[in-house]
Amino acid sequence: MSDNTPGQYGQQGNQPAYGAGQAYPSEQSNNYSGAPQENPGKTMGIIGLVCSIIVPISLVGLILSIVALSKSKKAGMSNGVALAGIIVGAIGVLVGIGIIVVGVLAVGAAGDLIEFCQTAGPGPQDYKGATIDCSDVLGQ
């Protein structure tokens, strides 16, 4: 008797086992698996949003949020947190640039005032239509 003889109890014969070579729905795609697919840009989007809120590193948050949104879109998913990080980061970068511009202007104006007082000497002086005490400016 051959091991491949059909009909004997406990032996399979020439027929393939039930389900052999067949793909189950979860093997073909993730559409039938119970767990939802993880968003690849979710964590980076959260980090980007947090960094975007902190003005000195808003540019870093903006870049991280853009990368996170790109990853999510490639996976066919949306990422509202990354989008919020882009918006907040852009605003933060603009605020940071504004602070730098105001600071540079203030330093320039202070430098002009100090130079004027060094030339004019201590005591009350008329500077651009206002009376200032150059003794206070020069620390005398």
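Me: Are helices H2 and H3 roughly parallel or roughly antiparallel to each other?

Reply: An angle over 145 degrees counts as roughly antiparallel. In this predicted model, the axes of H2 (residues 42-53) and H3 cross at roughly 160°, so the two helices are roughly antiparallel to each other. Their axes come within 7 Å, and the crossing is left-handed.

Me: Which residues of H2 and H3 meet?

Reply: On the H2 side they are Lys 42, Met 44, Gly 45, Ile 47, Gly 48, Leu 49, Cys 51 and Ser 52. On the H3 side they are Ser 58, Gly 61, Leu 62, Leu 64, Ser 65, Val 67, Ala 68, Lys 71 and Ser 72. By class, this contact of H2 with H3 has eight nonpolar, seven polar and two charged residues.

Me: At what angle do H3 and H4 pack, and how far apart are their axes?

Reply: H3 (residues 58-74) and H4 (residues 80-120) pack at about 155°, with their axes 8 Å apart. H3 and H4 are therefore also roughly antiparallel to each other, and their crossing is left-handed. H3 contributes Ser 58, Leu 59, Leu 62, Ser 65, Ile 66, Ala 68 and Leu 69 to the contact. H4 contributes Ala 82, Leu 83, Gly 85, Ile 86, Gly 89, Ala 90, Gly 92 and Val 93. The class division for the contact of H3 with H4 is ten nonpolar, five polar and no charged residues.

Me: Ala 68 is on both lists. Is Ala 68 buried or exposed?

Reply: A residue counts as buried when its relative accessible area is under 20%. Ala 68, in helix H3, has a relative accessible area of 0% and is therefore buried. Not counting residues up to four places away in sequence, Ala 68 touches Gly 41, Met 44, Gly 45, Asn 79 and Ala 82.

Me: What percentage of the chain do buried residues make up?

Reply: Buried residues make up 21% of the 140 residues. Another value for the whole chain concerns contacts with a separation of 6 or more: residues 24 or more positions apart account for 39% of these.

Me: How many helices and strands are there in the chain, and in what pattern?

Reply: There are five helices and two strands. Along the sequence, the pattern is α-α-α-α-β-β-α.

Me: How many bridges join S1 to S2, and do the strands run parallel or antiparallel?

Reply: Four bridges join S1 (residues 124-127) to S2 (residues 130-133), and the strands run antiparallel. Pro 124 stands opposite Asp 133 in S2. Two residues lie between the strands of this hairpin, where Lys 128 takes a positive phi near 50°.

Me: What separates the C-alpha atoms of Cys 134 and Cys 117?

Reply: A distance of 5.3 Å, for residues that are 17 residues apart along the chain.

Note on methods. Residues numbered from 1 in each chain as written. Predicted model: local features only at pLDDT ≥ 70, side-chain atom pairs only at ≥ 80, totals over all residues. Heavy atoms only, no water. Axes fitted to C-alpha atoms, helices over the stretch in contact; angles between N-to-C directions. Parallel < 35°, antiparallel > 145°, perpendicular 65-115°, else oblique. Left-handed = near helix turned anticlockwise from the far one by under 90°. Contact = heavy atoms within 4.5 Å. Nonpolar A, V, L, I, M, F, W, Y, C, P; charged D, E, K, R; others polar. Pairing = 2+ DSSP bridges. Buried < 20%, exposed > 50% of the residue type's maximum accessible area, 1.4 Å probe, protein only.
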